[in-house]
Amino acid sequence: MKAAELRKSILQAAVQGKLVPQDIHDEPASVLLERIRDKKARLVKEGKIKKEKPLLPIIEDEIPYDLPDGWIWCRLGELIQIAENNNIHKSLPENTLVNYVDIDAIDNKNYCIKNVKQIPVKNLSSRARRVLQKGFIVYSLVRPYLNNIAVVEDEKENYIGSTGFVVFKPIKIEINYFISFLLSPFVKTYYLSLLSGFNSPSVSQEDFLSTPFPLPPLAEQQRIVSKVNELMSLC
């Protein structure tokens with residue numbers, strides 16, 4: 001098996017609960033999901049995030065495979081905090097330098113931001129709106145099959161990304177499990193079925209938020225991440 005195919009197999013096994021043994025002593029993912037919902041409700045009450053449109057429950061026809069005991073299907077949008085938008089053309093003087101990240105700035109082999117451009121506000125299009133913060137994930141909804149995904153590793157003044165990204169932070173979820181999920185063959189196939197647009201085929205943010213997500217117990221997420229890292233190093 002080629003290394004690329006092996007990596008895909010590892011990621012698919014990870015999100016199906018087939019990569020590491022289950023532990024009956026783990027707190028069930030249903031309990032974790034309730035804690036995440038409580039945390040989001042507190043953030044809304046404190047004014048730190050906006051109240052979101054409720055997501056529909058997962059129905060049986062949407063479930064692509066069975067999960068181990070202790071796991072649960074939910075919507076991806078239930079598990080994250082979306083970054084703010086900043087209309088920089090209204091909020092900043094036109095000569096202000098912006099640390100700008102477009103889709104071509106993502107290294108989709110090492111999953112990092114490789115090139116931050118400093119551009120005056122007056123030279124940026126209206127697509128420059130996503131606020132980038134340390135610890136948030138940037139994920140391109142344009143041609144998502146290219147795996148343009150990265151974690152924001154630095155704090156920068158006027159740090160802004162393209163609206164081609166969804167920018168978000170997982171809540172009480174292992175960030176590398178989240179990344180493994182977005183890189184998995186399941187997600188690639190799922191988004192290929194939703195693409196629209198000819199020149200820049202994309203999925204909408206609404207489709208992204210509604211994506212079925214296989215949520216493991218937190219302790220198992222940690223075991224999965226450790227095993228994925230171990231196996232990927234061999235690839």
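**Exercise 1.** In this predicted model, find how many residues line the second largest pocket and which of them lie nearest its centre.

*Solution.*
Step 1. The lining of the second largest pocket consists of 21 residues.
Step 2. Nearest the centre are Lys50, Glu52, Ile82, Ala83 and Glu84.
Step 3. The pocket's volume is about 560 Å³.
Step 4. Sort the lining by residue class: 10 charged, 6 nonpolar and 5 polar.
Step 5. Strand 2, strand 11 and helix 6 (205-209) each contribute at least two lining residues; helix 6 gives the most, with 3.

**Exercise 2.** Describe the lining of the largest pocket and state which element gives the most to it.

*Solution.*
Step 1. This pocket has a volume of about 800 Å³.
Step 2. It is lined by 27 residues, and Arg7, Leu11, Tyr111, Asn147 and Leu183 lie nearest its centre.
Step 3. Two or more lining residues come from each of helix 1 (3-15), helix 4, helix 5 (185-192) and helix 7 (218-234).
Step 4. Helix 4 gives the most, with 5 residues.
Step 5. By class, the lining holds 16 nonpolar, 7 polar and 4 charged residues.

**Exercise 3.** Work out why one side of strand 2 and one side of strand 9 have no neighbour in the sheet.

*Solution.*
Step 1. Write down the order of the open sheet of 4 strands: 2-11-8-9, with antiparallel pairing.
Step 2. Strand 2 (80-82) and strand 9 (149-151) are at the edges with a single partner strand each, so one side of each has no neighbour in the sheet.
Step 3. From one strand to the next, the twist averages 30°.
Step 4. Strand 8 (residues 137-140) is joined to strand 9 by 3 bridges, and Tyr139 stands opposite Ile149.
Step 5. Helix 4 (residues 175-183) lies across strands 2, 8, 9 and 11, at about 175° to strand 9.

Key. Residues numbered from 1 in each chain as written. Predicted model: local features only at pLDDT ≥ 70, side-chain atom pairs only at ≥ 80, totals over all residues. Heavy atoms only, no water. Pairing = 2+ DSSP bridges. Axes fitted to C-alpha atoms, helices over the stretch in contact; angles between N-to-C directions. Contact = heavy atoms within 4.5 Å. 1 Å grid on protein atoms, 1.4 Å probe; cavity = no way out; pocket = protein on both sides within 12 Å on 5 of 7 lines; lining within 4 Å. Points joined across faces, edges and corners; volume = space filled by probe spheres on them. Nonpolar A, V, L, I, M, F, W, Y, C, P; charged D, E, K, R; others polar.
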